[in-house]
Amino acid sequence: MTTLKDRIWITAKTRMLSESRFNSYDVASHLFLTFMSFLVIVATVFSDELRQSVGNFKEITVVLTLFIFMASLIVYGFKFSEKAGKHRDCYLKLQELELNFDKQEDAEKVYSEILDRYPNHAERDYHDFILKRVLIEKKSLTIGDSKITWTCWMLASKVFRYISFWLLLIAPTFLVAVL
């Protein structure tokens with residue numbers, strides 16, 4: 001039973017990271033769309049001055065406006081905030097199960113039922129939890145008697161995703177500045 005309790009605890013912690021990731025996506029997408037909209041508004045206000053120095057200014061403005069519109073629809077479709085909320089609900093149910101583990105008659109069944117009701121976390125969230133717990137916090141992580149360790153691949157993946165996230169967020173701003 002210790003193995004099941006460890007799995008419940010690790011799953012809850014991993015779902016916390018999933019919630020955090022989706023909340024980050026939600027905030028970043030709102031800030032990005034707001035900033036891009038601000039740039040188009042500023043460009044429109046100064047359109048007379050910019051038309052003289054930027055060829056095809058009108059067409060560029062239309063393309064940027066359509067890009068922002070399209071990105072808004074895509075971001076809305078991802079429902080980052082809703083997904084974050086579902087992961088939060090899941091980890092709260094898992095924490096409740098963990099707290100009442102000794103009183104629970106069929107904890108394995110309850111655990112499975114909780115997982116069936118909510119979306120799964122990504123493997124990267126599990127890997128990020130391992131990195132955070134073992135590499136950064138320098139704490140051990142086990143399931144039963146099995147020790148869980150981090151790998152170089154987990155770390156490389158985390159670094160790559162972190163850099164890619166910020167590049168994708170910043171790249172359009174530089175593109176607009178160059179145009």
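Me: How much space lies in the largest pocket?
Reply: This is a predicted model, so treat everything here as computed. In it, the largest pocket holds about 940 Å³ of space.

Me: Which residues are closest to the centre of that pocket?
Reply: Arg21, Ser24, Tyr25, Arg161 and Phe165, out of 33 residues that line the largest pocket. As for where the lining comes from, α1 (2-45), α3 (57-78), α6 (123-136) and α7 (152-178) each give two or more residues. The largest share belongs to α7, with 10 residues.

Me: What kinds of residues make up the lining of the largest pocket?
Reply: Sort them by side-chain class and you get 22 nonpolar, seven charged and four polar.

Me: OK, cysteines next. How many disulfides does a search of the whole structure find?
Reply: A disulfide is a covalent bond between the sulfur atoms of two cysteines. Here the search of the whole structure comes back with zero.

Me: Is Cys90 buried or exposed, and what about Cys152?
Reply: The idea is to look at relative accessibility: under 20% is buried, over 50% is exposed. Cys90 sits at 0%, so that one is buried. Cys152 comes out at 62%, so it counts as exposed.

Me: Now a loop residue: where does Phe101 lie?
Reply: Look in the loop between α4 (80-99) and α5 (107-117).

Me: How far is Phe101 from Ile8, going by C-alpha atoms?
Reply: Their C-alpha atoms are 9.6 Å apart, while along the chain the two residues are separated by 93 residues.

Technical notes
Residues are numbered from 1 along each chain as its sequence is written. This is a predicted model: local features need pLDDT of at least 70, side-chain atom pairs count only at pLDDT 80 or more; totals for chains, interfaces and linings use all residues. Side-chain values use heavy atoms; hydrogens and water are left out. A disulfide is a pair of cysteine sulfur atoms within 2.5 Å. Buried means under 20% relative accessible area, exposed over 50%, partly exposed in between (1.4 Å probe, protein chains only). On a 1 Å grid over the protein atoms alone, a cavity is a set of points where a 1.4 Å probe fits but cannot get out, and a pocket is an open set with protein on both sides within 12 Å along at least five of seven lines; lining residues have an atom within 4 Å of a point. Grid points are joined across faces, edges and corners, and a volume is the space filled by probe spheres set on the points. Helices (H or I, at least four residues) and strands (E, at least two) are DSSP runs, numbered from the N terminus. Ala, Val, Leu, Ile, Met, Phe, Trp, Tyr, Cys and Pro count as nonpolar, Asp, Glu, Lys and Arg as charged, and the others, Gly among them, as polar.
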